[in-house]
Amino acid sequence: MVWWGIALSEFFGTFFLILLGLGINADSTLKGTYIKNNNWLLGSFGWAFAYFIGGSIAYYSGGNINPIISLSIWLTDQITFVQFLDYIFFQILGAFFAIVIINFLYWDQLKKTDDQERIANVFYTIPAIKDYKFNFLTEIIASFVLVTAFLSSVWYGFNFFEPLFMALVVFAIALSLGGLTGYAINPTRDIIPRIYHSLFKIPNKGKTNWSYSWVPTIGPIIGSLLSTGLIWIIIEIIGEGNPFNN
């Protein structure tokens, strides 16, 4: 893979993931849209389709669009460390530009909404019940599922069907575990919008909930490390070399 290919692939893939994902958040949360009552099922569908579209656009680079996926494919020797840094940089860049557009498009709806928690929910995750130990464990397990599914799809050569498979995985996570923490399962999806919420002008925003920010950031990273470790153990038990380099 060439540098500019990775750059464009991960930038636009992550851009569409965050644009469409935060878009469904805004549509179902803010006042002045056609969608009402914060429909969780609809939001789950929205994020799953966002992942499918973003992953399909980023097919050239492997459809990572998530730092914990990039971390895992680096640890399984599918990319170099320099490429890993490129992936992370362009994922962050794509996410940032998507947030700028969402803030601009929904400016009137943000002004119309006087509930600061609803506005925060558009940008970053908020747990249904704040209990750090269970919130943290939930993000670890949900991210473990995501990364294990991704590595399995690469191992078995799903190829073009991989984005669809991963979209279904995201949808399953949303319905089964997502209601507890809002299922960040992607540090870029949470920390970049949270930084934007803190630094830039957003109508009717309140304080940024930084005390919780470590949960959707560190939890997914640990989930990725545990998943990758499990895959390596399985590879060693099988004893047929690294299947990701075949």
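**Salt bridges, helix packing and backbone in a predicted model**

D190 and R194 lie four residues apart in helix α10 (residues 187–199), so about one helical turn separates them; helices here are DSSP runs of H or I with at least four residues, numbered from the N terminus. The side chains of D190 and R194 meet in a salt bridge, with N and O 2.9 Å apart, where a salt bridge denotes a side-chain nitrogen of Lys or Arg within 4 Å of a carboxyl oxygen of Asp or Glu. Both D190 and R194 are buried, a class defined by a relative accessible area under 20%, whereas exposed means over 50% and partly exposed in between (1.4 Å probe, protein chains only).

The model is predicted, so that local features need pLDDT of at least 70 and side-chain atom pairs count only at pLDDT 80 or more, while totals for chains, interfaces and linings use all residues. Residues are numbered from 1 along each chain as its sequence is written, and side-chain values use heavy atoms, with hydrogens and water left out.

The structure holds four salt bridges. One of them joins K31 to D114, with the closest N and O atoms 3.6 Å apart. K31 lies in the loop between α1 (3–29) and α2 (40–57), and D114 in the loop between α5 (107–112) and α6 (116–123), so this pair ties together parts that are 83 residues apart in sequence. K31 is partly exposed at 39% relative accessibility, whereas D114 is exposed at 59%. A further salt bridge is formed by the side chains of K133 and D131, with an N to O distance of 3.1 Å; here K133 is exposed at 57%, and D131 is partly exposed at 24%.

Two packed helices are described by the angle between their axes and the distance between the axes. Helix α7 (residues 132–155) and helix α11 (residues 215–238) pack at an angle of about 45°, with their axes 7 Å apart, the axes being lines fitted to C-alpha atoms over the stretch in contact and the angles running from 0 to 180 degrees between N-to-C directions. The residues of the contact of α7 with α11 divide into 18 nonpolar, eight polar and one charged, where Ala, Val, Leu, Ile, Met, Phe, Trp, Tyr, Cys and Pro count as nonpolar, Asp, Glu, Lys and Arg as charged, and the others, Gly among them, as polar.

Positive phi values in residues other than glycine occur at I65, near 45°, and at I185, near 40°. I65 is placed in the loop between α2 and α3 (67–75) and is buried at 0% relative accessible area; I185, in the loop between α9 (178–181) and α10, is buried at 5%.

How values were computed. Helices (H or I, at least four residues) and strands (E, at least two) are DSSP runs, numbered from the N terminus.
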